[in-house]
Amino acid sequence: MITRQRLAAGVCALLAALTAGIAFPTGAVADETAEQAAPKVELVLDVSGSMRARDIDGGSRMSAAKQAFNEVLDATPEEVQLGIRTLGANYRGNDRKTGCKDTAQLYPVGTLDRTEAKTAVATLTPTGWTPIGPALLKAAGDLDGGNGTRRIVLISDGEDTCQPLDPCEVAREIAAKGIGLTIDTLGLVPDAKTRDQLSCIADATGGTYTSVQHKEELTDRVGQLVKRAADPVVTPVAVEGAAACTSAPALKSGLYTDREEFGQHRYYRVDVKPGQELRASVSVAADREVNPDYGVLLRAVTVHGREIVRGEAAGNGRTDVISTGLRYPKAESDDENAPAETVCLQMSNSFSAASGVKTTPGMPVELTVDVVDGPDQASDVASFGLGRGWWLLGALVLTGFLAGVLWGWVSRLRIAVWRTN
């Protein structure tokens, strides 16, 4: 019975915390208003020999890509700084070592000169190898600097031919740097292996993967991704959690990213003044193959390790992201000079890597912290996260009890009448 009560209370707390995180994005709103650098996008185009294939609406893959680029360049928003990088465009030989270095910036990231960019695209001819990993590393460097949106759009029709530099591992390393760079991938008439690789690259950085079969699909999707870079977004702040609360970084309201290894504990500190409420949520993305049955735990503890409140969630392999959250209201104080309480957020996971899967870098973590004015009565939300829902729960229990008593009386009356007749 006690176990059931605890389980029900935990579920209710989780629902309440997640609802609070969605309904009160105080830190996120503040970040949106901050001045940001111009958004940057780099289109990375595969110009390997396989792009000669004529299987997109009767034309070659290369001609479809050129048409898409020309139309996208015409529609690129003025505020977006755009660049173009190629892979496999220059080396025609058979030396693998040389071919895997064949990536070059066709048009530098900056204010767009549409005529100049189109002229550069027109010179492309399908040529060599497919060094996706090296091209992504170079593209990340092209977009380095500034705090605005940064996005790589990779268009390819085949797997990377420059292993063991696995492009999926490269994408994870880029994400692990915490620079807020997203990689979106598009596969031109892809086979299963190409689809898996491009999907893995996108998943590692929170991007999207799209399979393309027609010219219009390619043009529309690339255009959408370029325009998306111009949309106002909340840029997460990279932070590194500590192994102990005493050395943990101090966080304020906002959105943060980190990396957590399998089975690791990470600590963060938040100051909560009397009359304020701490609302925190965390999401962990399984950006590689993991064993089923895993969980994520987020605890608010005192500096001495006493648990205040917790949120936890479990998964069974059916989702790539698992999230949980918590709320902690700090009661008002009669002392106007009462100090803030340091609350330690402890995050841990029970993921385990599948056989042969690398465990580094750690899995991507997104942490939301909101410190807001508390409710009029802290006890309203302190009761296992149900808040004023306890009144509703009590009313339902009372209604059920009265209904049961009334039904019992009616049943007894009907039996008495039946016996009399």
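Which residues of α8 are buried?

## Helix α8

This is a predicted model. The buried residues of α8 are Thr194, Gln197, Leu198, Ser199, Cys200, Ile201, Ala202 and Ala204. Their cover includes the helices α6 (132–142) and α7 (167–176). Strands β4 (150–156), β5 (181–188), β6 (209–212) and β9 (254–260) are also included in that cover.

Helix α8 runs over residues 192–204 and has 13 residues. At 1.5 Å a residue it should span 18 Å, and its end C-alpha atoms are 18 Å apart, which agrees. At the start of the helix, a side-chain oxygen of Asp191 comes to within 3.3 Å of the backbone nitrogen of Lys193. Just after α8, Gly206 has a positive phi of about 75°.

## Helix α9

Helix α9 covers residues 215–228, 14 residues in total. From its first C-alpha to its last it reaches 20 Å, close to the 20 Å expected at 1.5 Å a residue.

Buried in α9 are Leu218, Thr219, Arg221, Val222, Gly223, Leu225 and Val226. These buried residues pack against helix α3 (61–75) and against strands β1 (40–46), β2 (81–87), β4, β5 and β6.

## Ser156 in strand β4

Ser156 is placed in strand β4. Its relative accessibility is 0%, so Ser156 counts as buried. The side chain of Ser156 reaches the backbone oxygen of Gly158 at 3.1 Å.

Leaving aside residues up to four places away in sequence, Ser156 touches Asp46, Thr130, Ile132, Leu186, Gly187, Leu188 and Leu198. One of these, Leu198, is also among the buried residues of α8.

## Thr103 in strand β3

Thr103 lies in strand β3, which spans residues 103–110. Is Thr103 buried or exposed? With a relative accessibility of 15%, against a limit for buried of under 20%, Thr103 counts as buried.

A polar atom of the Thr103 side chain lies 2.9 Å from the backbone oxygen of Thr86. Thr86 is also one of the residues that Thr103 touches, along with Arg85, Leu87, Pro134, Ala135 and Lys138, when residues up to four places away in sequence are not counted.

## A nonpolar surface patch

Leu406, Trp407, Trp409 and Val410 make a nonpolar surface patch of about 490 Å². Leu406 is found in helix α11, residues 389–420. The relative accessible area of Leu406 is 51%, so this residue is exposed; the cut-off for exposed is over 50%.

Terms used
Residues numbered from 1 in each chain as written. Predicted model: local features only at pLDDT ≥ 70, side-chain atom pairs only at ≥ 80, totals over all residues. Heavy atoms only, no water. Helix = DSSP H or I, 4+ residues; strand = E, 2+ residues; numbered from the N terminus. Buried < 20%, exposed > 50% of the residue type's maximum accessible area, 1.4 Å probe, protein only. Polar contact = N/O pair within 3.5 Å; in protein donor to acceptor, adjacent residues only side chain to side chain. Contact = heavy atoms within 4.5 Å. Patch = residues over 30% accessible without salt bridge, like charges linked within 9 Å, V, L, I, M, F, W, Y side chains within 5 Å. Areas by Shrake-Rupley, 256 points an atom, 1.4 Å probe, with all protein chains shown as cover. Salt bridge = Lys/Arg side-chain N within 4 Å of Asp/Glu carboxyl O. Expected span 1.5 Å × (residues − 1).
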